[in-house]
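Please look over the structure shown below before reading on.

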Amino acid sequence: MAAAVSRPPVLGAVVTGIETRGADGVVVQTRGGRLWRGRYALCTMPLTVLRTTRISPALPPLQAEAVAKIPYGHGTSAFLRIREPFWEVDGLGSSLWSDAAAGKAYDWSTPSGRYVWSFLSGVANRPVRRLDDAATLRYATRVLTAARPAMRGRVEPIGVMNWSRRPWSRGTFAYRAPGQIARYGNVAAAPHGNVHFAGEHTAVLLQGMEGAMESGERAAMEILAREG
């Protein structure tokens, strides 16, 4: 897909502002003051990031409220390399699904090895939400081995992905609080001048990566329809 693009994508450019200029199209400003001009802009920022980005003219009141108030989940993944098959020691399954501190942990096989993927979400995420990676690994190892003593000495902590601390996501995925479906519908996906919006938070049928793809197709068709 990248090879089919006439100009290579620009990576690492932090968007600070998006401005519609009528017949002149859209101007996107990135950190450092550089301006990017186009007939349309397709914005896929998570709402957690979009709500701190300058948009001119301002979004309509209900759309701006949706951007500001639709919440995001929190999740942290900790990965531990499996040194020995601990499930053969305690006779239980190789994955874990707990309503206690350990949360969920999956037996995850990849071409590079076999791992325990500990996913701490919801209530289980609160203790690690603001921890650094080293402290998160220590915590995840402690609660996992407390839940499955057979893991002790048979897994090796190796890495963390804390979606809540990542500046370009600030959470996992959007969800709707009570009353927000009726109040907002899908107003977050409504075009604003020559700015169109996509991303999993604007999907209707699907969630996650599949929802992001659904929304991308919808936004691309919106722009193509305007081009006649």
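## Overall picture

Of the 228 residues of the protein, what percentage count as buried? The share is 39%, and, like every value in this report, it was computed from a predicted model. The protein has six helices and eleven strands, and its C-alpha trace spans about 70 × 45 × 35 Å along the principal axes.

The accessible surface comes to about 13,200 Å², and carbon and sulfur atoms account for 58% of it. Among the contacts in the protein with a separation of 6 or more, 62% are between residues 24 or more positions apart.

## Aromatic rings

A pair of aromatic rings is described by the distance of the centres and the angle of the planes. By the rule used here, the protein has eight aromatic pairs. In one of them, the ring centres of phenylalanine 79 and tryptophan 117 are 6.1 Å apart and the planes stand at 20 degrees, so this pair is stacked, the cut-off being under 30 degrees. Because phenylalanine 79 lies in strand E6 (residues 75-82) and tryptophan 117 in strand E9 (residues 113-121), the pair ties together parts that are 38 residues apart in sequence. Phenylalanine 79 counts as buried, with 19% relative accessibility, whereas tryptophan 117, at 27%, counts as partly exposed.

How are the rings of phenylalanine 86 and tryptophan 87 paired, stacked or edge-to-face? Their centres are 5.0 Å apart and their planes are at 80 degrees, so the pair is edge-to-face. Phenylalanine 86 is buried, with a relative accessible area of 0%, and tryptophan 87 also counts as buried, at 16% relative accessibility. Elsewhere, one aromatic cluster is formed by Phe79, Trp97, Tyr106, Trp108, Tyr115, Trp117 and Phe119. The ring of tryptophan 97 has the charged end of lysine 104 sitting over it, 5.5 Å from the ring centre.

## Nonpolar cores

The largest nonpolar core has 20 residues, and those with the most contacts inside it are Ile18, Cys43, Leu50 and Val195. Two or more residues each are given to this core by strand E2 (26-30), strand E4 (41-43), helix H1 (47-50), helix H2 (61-69) and strand E11 (195-197), and the largest share, three residues, comes from H1. Leaving aside residues up to four places away in sequence, valine 195 touches Ile18, Thr20, Val26, Ala41 and Cys43. Another core, of twelve residues, lies apart from the largest one, and among its members are Leu80, Leu96, Ala105 and Met151.

## Helix H4 and its cover

Helix H4 (residues 133-147) has 15 residues and reaches 21 Å from its first C-alpha to its last, which is close to the 21 Å expected at 1.5 Å a residue. Its buried residues are Ala135, Thr136, Leu137, Tyr139, Ala140, Val143, Leu144 and Thr145. The cover over these buried residues includes E6, strand E7 (96-97), strand E8 (104-110), E9 and strand E10 (155-162).

## Backbone details

Most residues other than glycine have a negative phi, and most peptide bonds are trans. The peptide bond from serine 56 to proline 57, however, is cis, with omega near -10 degrees, and proline 57 is placed in the loop between strand E5 (54-56) and H2.

Arginine 170 has a positive phi, near 55 degrees, although it is a residue other than glycine. Its place is in the loop between E10 and helix H5 (180-184), and, with a relative accessible area of 29%, arginine 170 is partly exposed.

Notes:
Residues numbered from 1 in each chain as written. Predicted model: local features only at pLDDT ≥ 70, side-chain atom pairs only at ≥ 80, totals over all residues. Heavy atoms only, no water. Phe/Tyr/Trp six-rings, centres within 6.5 Å; stacked < 30°, edge-to-face > 60°. Helix = DSSP H or I, 4+ residues; strand = E, 2+ residues; numbered from the N terminus. Buried < 20%, exposed > 50% of the residue type's maximum accessible area, 1.4 Å probe, protein only. Lys NZ or Arg CZ within 6 Å of the ring centre and 35° of its normal. Core = buried A, V, L, I, M, F, W, Y, C linked by side-chain atoms within 4.5 Å. Contact = heavy atoms within 4.5 Å. Areas by Shrake-Rupley, 256 points an atom, 1.4 Å probe, with all protein chains shown as cover. Expected span 1.5 Å × (residues − 1).
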